[in-house]
Amino acid sequence: MSRSEYSEVTEEVIRDLENILGPSNVSANLEKRQAYSRDEVPPQQWGDLPPAEVLCFPESTGQVSKLLSYADQHRIPVTPRGAGTGLSGGAVPSRGGILLSFEKMNRILELDTANLTITVEPGVITSEITKAAQSAGLLYAGDPCSGDISTIGGNVAENAGGNKVVKYGATGNHVLGLEVVLPDGSISRFGGKRRKDVTGYDLVHLIVGSEGTLAVVTKIILKLFPLPRKVIDLLIPFQDTASAIALVPRLIIDGKVMPSTVEFMDKSSLQLVKKYLNLRIPCEEAGAHLIVQLEGNDPDWLRSEILRVGDLCRECGALEVFVAESKIHRNIIWKLRKGIAEEPWAHDMPCCIEEDIVAPIGEIPSLMNFLRDLEANGGIRYIAYGHVGDGNMHMTLFTEKGTPDSDTVLENARLALYRKVNELGGTLTGEHGVGLKRRNYLPLFLDEAQIRLLRRIKKAFDPHNILNPGKITPPAEEEGLG
Ligand SMILES: Cc1cc2nc3c(=O)[nH]c(=O)nc-3n(C[C@H](O)[C@H](O)[C@H](O)COP(=O)(O)OP(=O)(O)OC[C@H]3O[C@@H](n4cnc5c(N)ncnc54)[C@H](O)[C@@H]3O)c2cc1C
């Protein structure tokens with residue numbers, strides 16, 4: 001559906017929305033609309049998109065239901081939004097319309113220790129859930145680097161990964177049940193507190209990762225784990241990338257260790273974080289650093305694990321193994337890793353693209369060699385870091401200031417990277433999502449039959465294409481070619 005086939009948000013529509021939500025929950029203020037109509041991707045990546053025409057801040061599922069039913073009847077596009085920390089343009093309105101913010105639906109509704117679940121509204125900040133679970137001696141294992149600023153609704157919609165995926169899985173692995181509002185306004189409950197359920201299709205996990213295009217999530221039941229008594233982080237510098245990555249399978253196969261985290265940082269990413277955040281890097285001459293996190297209840301057992309991991313590290317050519325036990329030391333390590341994700345240098349590099357590819361772990365050294373060649377011959381520079389324990393690597397490609405035809409050079413490099421990732425059996429995005437940013441590249445990774453299926457699923461949920469239109473599938477959908 002093109003922009004002209006949607007209705008505009010007139011004064012009358014705003015009055016109707018105020019009747020549904022209350023006047024204090026609706027805003028048409030231009031500055032506010034502009035601020036809420038972006039996420040963490042530099043907006044120049046998709047040119048001039050008009051901001052949302054109106055902002056809505058519902059306080060209950062009932063209000064969301066009435067709002068969607070109204071929007072569906074009047075053919076007004078609706079873009080759900082959590083905290084806008086997304087890295088794919090998922091919460092950026094592509095057609096104006098209503099921006100549906102969940103910042104007022106931010107309550108933790110229930111901590112159920114008998115069933116090891118926590119039930120929350122979508123606007124709760126992720127780290128608040130972690131803290132609430134901890135207060136009962138439990139662990140919420142969703143742990144994106146943006147946990148202090150992102151919402152759980154956004155995490156569910158993107159199937160956010162993060163730092164504990166190796167052991168506990170991504171957000172979807174923790175979601176047991178959802179309350180959703182479908183685009184026609186009907187309210188439904190998928191799943192529940194039960195741990196097993198094969199009654200019909202798995203609708204819970206169809207909604208997880210659907211980037212706000214199929215339904216709006218209004219309540220989430222999350223699974224909790226026992227909180228380990230002790231957590232230790234190891235910072236391990238290696239001469240080069242290949243030996244760092246060789247450690248990952250050996251930890252599991254030879255060491256019989258299941259770390260909760262294995263994170264990777266290449267030399268260039270640490271050099272940048274050092275320069276911009278003024279941090280000291282232990283063994284900064286190393287080619288790559290890993291962070292390995294171990295956890296357990298018995299300190300003696302944990303110590304024996306550390307010794308075993310230390311031996312394996314040295315066999316793989318580690319230059320050192322720094323053991324961080326105290327909160328202060330652990331925080332220093334994570335400041336380095338999270339500092340890279342915050343990309344403090346980005347404003348100095350107007351031409352950069354952040355990628356979120358996934359490859360089979362054993363193929364990552366080939367991918368890194370490919371990037372090195374691309375840097376040598378393709379006119380770009382790069383940094384590489386990320387969740388190597390699950391094969392999800394973040395790569396920021398950039399050009400030096402003054403590079404002629406920067407945009408074309410970067411675009412060519414990005415395409416070459418995608419083709420290589422595909423050849424190695426990898427995929428386009430592991431946790432940041434397709435959104436607006438990557439939708440044109442979907443056909444490189446999914447065949448026609450798959451893309452047709454995605455469009456048919458979208459149509460089954462949202463026949464009038466009002467919910468977050470223009471996301472995930474390539475533009476043919478809007479031209480009626482789907
Ligand atoms: C510094 C930094 C570090 C990051 N680290 C990680 C990381 O380690 N792992 C990771 O996975 N991501 C990471 N991200 C990306 C981002 O934080 C995640 O994608 C996060 O899940 C987005 O949450 P949000 O609340 O900001 O959602 P938004 O950006 O507001 O929205 C994201 C998507 O969710 C949809 N949505 C939001 N709420 C709802 C709802 N209630 N119902 C339906 N759809 C909804 C939106 O329409 C949009 O498509 C990082 C981002 C930054 C800036």
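For a salt bridge I required a side-chain nitrogen of Lys or Arg within 4 Å of a carboxyl oxygen of Asp or Glu. I note that this is a predicted model, in which local features need pLDDT of at least 70 and side-chain atom pairs count only at pLDDT 80 or more, while totals for chains, interfaces and linings use all residues. Residues are numbered from 1 along each chain as its sequence is written, and side-chain values use heavy atoms, with hydrogens and water left out.

**Salt bridges**

I placed Lys-131 and Glu-128 in helix H4 (residues 126–135), where they are three residues apart and so separated by about one helical turn. Helices (H or I, at least four residues) and strands (E, at least two) are DSSP runs, numbered from the N terminus. Lys-131 is partly exposed, at 48% relative accessibility, and Glu-128 is partly exposed at 36%. I took buried as under 20% relative accessible area, exposed as over 50% and partly exposed as in between, with a 1.4 Å probe and protein chains only.

I then turned to Arg-337 and Glu-263, whose side chains meet in a salt bridge at 2.7 Å, N to O. Arg-337 lies in helix H11 (residues 327–341) and Glu-263 in strand E13 (residues 261–266), so this pair ties together parts that are 74 residues apart in sequence. I recorded Arg-337 as buried, with a relative accessible area of 1%; Glu-263 is also buried, with a relative accessible area of 1%.

In helix H13 (residues 406–423) I found Glu-423 and Lys-420, three residues apart, about one turn of the helix. Their side chains meet in a salt bridge at 3.2 Å, N to O. Glu-423 counts as exposed at 58% relative accessibility, whereas Lys-420 counts as buried at 18%.

I also noted a network of salt bridges that links Glu-355, Glu-411, Arg-414 and Arg-438. The count by this rule comes to 23 salt bridges.

**Helix H3**

I checked the span of helix H3 (residues 61–74): its 14 residues, at 1.5 Å a residue, should span 20 Å, and its end C-alpha atoms are 20 Å apart, which agrees. The expected span is 1.5 Å times one less than the number of residues. Among the buried residues of H3 I listed Val-64, Leu-67, Leu-68 and Tyr-70. Arg-75 follows H3 and has a positive phi, near 55 degrees.

**Ala-141**

I located Ala-141 in the loop between strand E7 (138–139) and helix H5 (152–158). Ala-141 is buried, with a relative accessible area of 2%. Neighbours within four places in sequence aside, Ala-141 is in contact (heavy atoms within 4.5 Å) with Lys-164, Tyr-168, His-174 and Phe-225. I found 9.7 Å between the C-alpha atoms of Ala-141 and Leu-222, which are 81 residues apart along the chain.

**Domains 2 and 4**

The chain is divided into domain 1 (3–103), domain 2 (108–226), domain 3 (230–341) and domain 4 (349–435), with bounds from an automatic or database domain assignment. The C-alpha centres of domain 2 and domain 4 lie 30 Å apart. Their contact takes nine residues from domain 2 and eight residues from domain 4. I counted zero salt bridges between domain 2 and domain 4.
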